[in-house]
Amino acid sequence: MNRFFNVPWKRPPRRDHLPMTLGRRRIFILPTPHGWLFLFILLAMLIGSINYNNNLGFMLVFLLGAMALISTIHTHRNLHGLTIARMAARPVFAGKSAVFNLHVDPGRRTRTSICFSLQKDAPLIATITGPDHPELAISLPATRRGRLKPDRLTLASQFPMGLFRAWSHLHPEVDCLVYPAPISGYLQDGTAQSAGQGKRPSRHRGTDDFQGLRVYQPGDSPQHIAWKALSRGQGIFTKQFTAAAGSRTIMFDLAAIDAESLEQKLSILCGHVLQAHQMDLTYGLRLAGQTLRPARGIAQMQTCLKTLALYGLPDH
Amino acid sequence: MSDTQYNRHPIPFIIGALIVAMAPHIGRLPPWIVAWCISMWGYMLLSIRFQWPRPNRIWQLILTIAGIAALLATYRARLGPDSYLGLLAVMAAIKPFEITTHRHCMITIFVAYFIVITSLFQTETLLMALYMILSIFFTTAALIRVNAPHSGLKTDLKLSGLIVAEALPLMVILFLLFPRIPGSVLSWSRWHAATSGFSDTLRPGGISQILQDPGVAFRAAFDADVPAADQLYWRGLVFDRFDGRQWQRAHGAPLRQSASPVPTDDTTRYTITLEPHRHRWLFALDRPLRAPAGATLDVNYILSNRRPVQRRMQYRMVSHLQDSGMDQASANATDAFLSIRGNPRARRLAEKLGQTHDTALEKAQQALQYFQTNAFVYTLAPPLLGADPIDSFLFETRRGYCEHFATAMAFMMRAMNVPARLVGGYLGGEFNPYGNYLIVKQSDAHVWVEIWQRHSGWIRIDPTAAVAPDRVARALSNVLASGQTRLAGLTAWVHRLRLGWDNISSQWQAWFSGYAYRQQQALLARLGISSAGLGRTAKALGLMAGLLCLSVAALLAWHLRSARVKPDRVHALYHRFCSRLQHAGLPARHPGMGPRDYANQATARRPDLINEIAAITDLYIRLRYGNANGADPEVFKQFQMRVNAFKPKPSTCTGENHPS
């Protein structure tokens, strides 16, 4: 969103390189609403103590006040020295959630109830005990194709007393590749230009020629997911079929797609690529100004999807 | 972890904090509220344990209404600290039912803090102060649990203890330096705790509750030795008017200082620390010579403070212990000390006893003799008296304590035409060798008689001592017990412990309760802040803020440092490594030389040390340049071990250009 409001006085934040350790100057701290309430109660009690000249009252107010003050140190300390070691996300299709995996090194002490978030709500609260803590998965909705750069990563903590909130905003140099949302459908006339034998692929969804299973890739049709294997807890696999395996070669051409907008065309192409990959066809991609030579396999699919994801975007 | 699990988890801790906070108030709450709290909290705990249903919103509403109705029935319209405490307790009892979110937890914890604070309006004893700190410690542990639901109980307690311990020095700074103001801003009345002691009236059987009260009335520290035990009559108030049933307190005119005899010697000087009793009278050894500041001495030798004693107060006293007999002050008021009403049989008896004697002392002797020869019994549980209390005491029950004897004696003296009055106060006290002072308790309360004798003035007569010498002996034995106690074994040990604690806590209380505007000014003057008025306040505030910032900065530095290894230590170890190589005969490291170059140079001369030199250099580079935010402690430990183990011998063989 930020790039549309790139006004001079609000420069894009400098990107932080990982690994990145939180230093003193990056951590801010302010009372929480509960903290304000607590301070208000203390103030009322202080006035009462002054009025009654009650030394026990003074003592108690000062003890609680000092504890609130001390708690800021502990809250600050909970974030200070925390290292964000790695952050990465696997590509997703637009409309899904991008999942950023975060590897956090707590240093020497346990970091209790740290709140990680990439957007205002839906934070992830985790207590990190050691450097071998499993990666944290923070999701962010991927609305449009392209490179999704999280605006900022917020680390916050109210530990231990909940009266103060310390936070730090990070702008890690990380992005998530967002493929266009695939529009699935049969490959149609005109969209596929035969480049080889000219034999048009159609009706190649035969389920009779089951070849085997392979590890699920984003973009595999849910219809082909091996649900039995999944339900047995063996992981996500995709059934592969041999129906269309072989010699046919197709070129998908952007210009040949009939749709209202570029985004729709790209989505349709995306669907085609996925389908062609599923059928294990040899396919290529022709966009205005660039051409991907026909090939097959996962690498080809990924290259094609990436090209579609970034097609026509300014920073590519 | 589901939401309900999360929310339920801290509730037992919150209830625990509420119980700890509420405990010191139990004595002030009506039994039904205590039962209410126990049952609500008990149900809540059991419902968590056995997955019972929690009361829903409707039930919560019903409970709230029922609780408030019961409160109204109990306290009616009497708004005050007790009804406020009752409301707090009733609400705190049902509060856990509605805990579903983090916010509810926080608010309930604040309620617990609030209950802790309420207890400060009771007493300012050391025990209470310590208990409150303990209570805050528990409440804070629960608060930490609320904010870190996954940590263990031990971790919570440890962190809570750490926070409290770190806050204590800041608390002391604030307590001493936060600007105090003289007097009270608004004259809101203080919240009163129930106190016991004397009141404006006296009737036989009236003070029996006091006599069983172990509470401390006051403490007295003498400048010189403690006077003889039979001299320890602490004078508090005088009762002069008798309406046939009870005695009224005398209100005398202020004593003119010229009329007051001031002997130059033979006086006893001492300091009294009086517990608050909400009345104006002060106690002093019979007979006080001068009033302390802020109080007056009246013709009855009664000290009267300007304001009711609402808090612990300390005053200096001078008394003359021997009956001087020079008291002429109230000579013209003697007629007022003769009026009697009712009790015809007692009057006839007195007239008969007094017929044959002239002087007041002889008549008094007759009365005392009557008590001694007619089987009167001293008891703290006397039977109730009839409409003419003195008649029924003298002729029917014949059982009673000081009040009974003293009222009967005074009545009889008046009937014999001898001016007489009652004096209320205390007798004796327990000597505390640890602090060199006397503890006078409520149970030492005593009433005696004064009779007027021409040319001598008011003379003290203690009928109780004549009838029940052991009552007085008991007081004496306490005084005599000073130090060489006659108790044995554990009892003696407990007794000594009790006296030691009383000393510590009374000194604490004298200092703590007394710390106010004047004491703060004295402290500031001693700290060298001399300018007066606002300048001093501003300087005190500045000092306070400065000390606070320093403490917080020191704590912050300490907390953040503990996470990493100081670069100096890394450097020092590397330096040691270099100097050891130098000792082994290698040239010193050039200041500008990088560690890698130095290692290459060293290994060229001493190939036998290549492994060690390479490893240490490698670790050093990792520590020094690896992470900008301090070194990894594990790597540092390894580095330290290697450097310390590195002790190369001077080379004797290899090398074409051997140094030396």
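For chain B the corresponding share is 74%.

This is a predicted model, in which local features need pLDDT of at least 70, side-chain atom pairs count only at pLDDT 80 or more, and totals for chains, interfaces and linings use all residues. Residues are numbered from 1 along each chain as its sequence is written, while chains are lettered from A and ligands numbered from 1 in the order in which they are written.

Start with chain A. It has 5 helices and 18 strands. Both kinds of element are DSSP runs, numbered from the N terminus: helices are H or I with at least four residues, strands are E with at least two. Of its 316 residues, 41% are buried. A buried residue has 20 or more other C-beta atoms within 10 Å of its own; an exposed one has 12 or fewer; partly exposed lies in between. Arg109(A) sits in the loop between β5 (97–105) and β6 (111–117) of chain A. Arg109(A) counts as partly exposed because 17 other C-beta atoms lie within 10 Å. Arg77(A) is 32 residues from Arg109(A) in sequence, with 9.7 Å between their C-alpha atoms.

Now chain B. Here there are 21 helices and 17 strands. Chain B has 660 residues, and 36% of them are buried. Thr100(B) belongs to the loop between α5 (81–94) and α6 of chain B. With 13 other C-beta atoms within 10 Å, Thr100(B) is partly exposed. Ile11(B) is 89 residues from Thr100(B) along the chain, yet their C-alpha atoms are 9.8 Å apart.

How do the chains meet? The contact takes 42 residues from chain A and 47 residues from chain B. On the side of chain B that touches chain A, the elements giving two or more residues are α6 (102–118), α7 (126–147), α8, α15 (489–514) and α17 (533–561) of chain B. The largest share, 10 residues, comes from α7(B). By class, this side of chain B has 36 nonpolar, 8 polar and 3 charged residues. Ala, Val, Leu, Ile, Met, Phe, Trp, Tyr, Cys and Pro count as nonpolar; Asp, Glu, Lys and Arg as charged; the others, Gly among them, as polar.

One helix pair deserves a look. Helix α2 (residues 55–79) of chain A packs with helix α8 (residues 153–177) of chain B at an angle of about 130°, and their axes are 7 Å apart. Therefore α2(A) is oblique to α8(B). Angles under 35 degrees count as roughly parallel, over 145 as roughly antiparallel, 65 to 115 as roughly perpendicular and the rest as oblique. Axes are lines fitted to C-alpha atoms, for helices over the stretch in contact, and angles run from 0 to 180 degrees between N-to-C directions. Among the α2(A) residues in this contact are Phe58(A), Phe62(A) and His74(A); α8(B) brings residues including Ile163(B), Leu170(B) and Phe175(B). The contact of α2(A) with α8(B) has 15 nonpolar, 2 polar and 1 charged residues.

Last comes confidence. The predictor gives the complex an ipTM of 0.75 and a pTM of 0.69. Chain B averages a pLDDT (the predictor's confidence in each residue, from 0 to 100) of 81, and 85% of its residues score at least 70. In chain B, confidence is highest in α8(B), at a mean of 93, and lowest in helix α1 (residues 3–8), at 43.

Technical notes. Contact = placed C-beta atoms within 7 Å.
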